[in-house]
Amino acid sequence: MKSKIYPDAAAALAGLTFDGMTVMVGGFGLCGIPEHFIAALRDSATKNLTVIGNNVGCDGHGMWQVLANNQIRKVLASYVGENKILETRYMNGEIEIEFNPQGTLAERIRAGGAGIPAFYTRTGYGTAVAEGKETRQFNGEWYVMETGLVADLSIVKAWKADSEGNLVYRKTARNFNPMIATAGKVTVAEVEMMVPVGELDPDQIHTPGIFVDRIVVGQNYTKHIERLTTRPKQATFGGAN
Amino acid sequence: MAWTREQMALRAAQELQDGFYVNLGIGIPTLVANMIPQGMSVTLQSENGMLGMGPFPFEGEADADLINAGKQTITELPQTSYFSSADSFAMIRGGHIDLSILGGMQVSEQGDLANWMVPGKMVKGMGGAMDLVAGVRRVVVVMDHCEKAGDSKFKRQCSLPLTGKGVVDLLITDLGVFRIDRKGGGATLIELASGVTLDEIKTKTEARFGISLSG
């Protein structure tokens, strides 16, 4: 079998990008984003992208770099705050944003990857999100039909991989990555470490290798923290959430 | 006189019950995490993919891979579990979360909630709010009773775009607490904030409501 392992993100994206394509990007805020593929996507200068992901980075970081490089035409996301360029372009009508409720977005991607063209959800019934969409009653409750999403290319970030492409994510850096890995015609994954086949416990694999076409080990992760929140050491309890 | 932010959060904390799975929104609802009554076990869910949220990390111990839905660094607990966003919203949409406490811009007497956009202003997006109000068993909204200009935020009809229709069970404002029947039974004032009179709350409320004050 041809190796799935590529030397770097640019090599792994070679031949996969084209103008007008749809790209899904894993991450929640800046947590669990594929930093190296985002940089490679920016450097590819591919234009008129439709980008699907929970956010579009934030000022200076993540997918913001691709946005700032004028490569994005349309965005599907649930939250796009802390992003001045996106705000300006949206208000000027230079970029299209389709706001999706976060759970609807996650499920649309999950459905797309699972070969399910549409589903019904209570989320958004009676709101602007439901406008123009089919609604239907089940057991006395109203639901909105939402469609599955797929992409030309999915880029995800995991913690560990083996050469088969089996992936393990770490803590809340998992977020949208597992569903996005299933919904790309081609899926590329970057990881912090590659381990020999057999080292990952088969019962603990989050994304089975069948969903992953190309793998890169990323070096020197920035892992920028958007809101560093701490408590002093002597405190007994500094608050959760 | 009216309730402070902390007093509103304390009142919201009275809605917690032992064994509850709870999702807290950003703002005043976040304060509720510090007000869980002694001896009560409450599990906090964070919609970015975590059940069993711990406190903020000690200085120097923050982990970039461990954040809450407000993107703040947090910690895990011995009972914590992590999962994907799809699994997270299966918990939320599937009715497995007992209580959601979130902020609001407007609430109507039918229990409609508006809290995600103001037309003409930059829209940041609804995040997980629409899923939470559509799926969580009991929804409590905590917000100021009036806008800065003085207009009532508890209205006959929301004028802002909705987050959910007929979704609010309880409204806690700085002036009092209203129970709302999401099935069309209307709103009922059940508590007055300390130092607030019935006349004051009547004057400052656009929504129609019944009164059932105890004690």
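pLDDT is the predictor's confidence in each residue, on a scale from 0 to 100. The structure described here is a predicted model. For chain A the mean pLDDT is 96, and 97% of the residues of chain A reach 70 or more. Within chain A, confidence is highest in helix 6 (residues 177-182), at 99. Confidence in chain A is lowest in helix 4 (residues 84-91), where the mean is 94.

The two chains meet in a contact that draws 52 residues from chain A and 51 residues from chain B. On the side of chain B that touches chain A, strand 3 (50-53), helix 3 and helix 4 (129-135) of chain B each provide at least two residues. Helix 3 of chain B gives the most to this side, with 5 residues. The side of chain B that touches chain A comprises 25 nonpolar, 17 polar and 9 charged residues.

Helix 3 of chain B (residues 85-93) packs against helix 5 of chain A (residues 102-113), with axes that come within 9 Å. The axes cross at roughly 125 degrees. Angles of 65 to 115 degrees count as roughly perpendicular and those over 145 as roughly antiparallel; helix 5 of chain A and helix 3 of chain B are therefore oblique to each other. The crossing of helix 5 of chain A with helix 3 of chain B is left-handed. Helix 5 of chain A contributes A:Gln102, A:Gly103, A:Ala106, A:Glu107 and A:Arg110 to the contact. From helix 3 of chain B come B:Ser85, B:Ala86, B:Phe89, B:Ile92 and B:Arg93. By class, the residues of this helix contact are 4 nonpolar, 3 polar and 3 charged.

Strand pairing was examined in chain B. Strand 1 (residues 21-24) of chain B runs parallel to strand 2 (residues 43-46) of chain B, and 3 bridges pair them. B:Val22 has B:Leu44 in strand 2 of chain B as its bridge partner. Strand 2 and strand 3 of chain B run antiparallel and are joined by 2 bridges. Here B:Gln45 is partnered by B:Leu51 in strand 3 of chain B. These two strands form a hairpin, with 3 residues between them. In the turn, B:Gly49 has a positive phi of about 125 degrees.

A further sheet in chain B is open and has 3 strands in the order 7-6-9, with mixed pairing. Strand 7 (113-114) and strand 9 (154-155) of chain B are the edge strands, each pairing on one side only. Strand 6 (residues 106-108) of chain B runs parallel to strand 9 of chain B, and 2 bridges join them. B:Val107 lies opposite B:Phe154 in strand 9 of chain B.

Methods. Residues numbered from 1 in each chain as written. Chains lettered and ligands numbered in written order. Predicted model: local features only at pLDDT ≥ 70, side-chain atom pairs only at ≥ 80, totals over all residues. Axes fitted to C-alpha atoms, helices over the stretch in contact; angles between N-to-C directions. Helix = DSSP H or I, 4+ residues; strand = E, 2+ residues; numbered from the N terminus. Parallel < 35°, antiparallel > 145°, perpendicular 65-115°, else oblique. Left-handed = near helix turned anticlockwise from the far one by under 90°. Contact = placed C-beta atoms within 7 Å. Nonpolar A, V, L, I, M, F, W, Y, C, P; charged D, E, K, R; others polar. Pairing = 2+ DSSP bridges.
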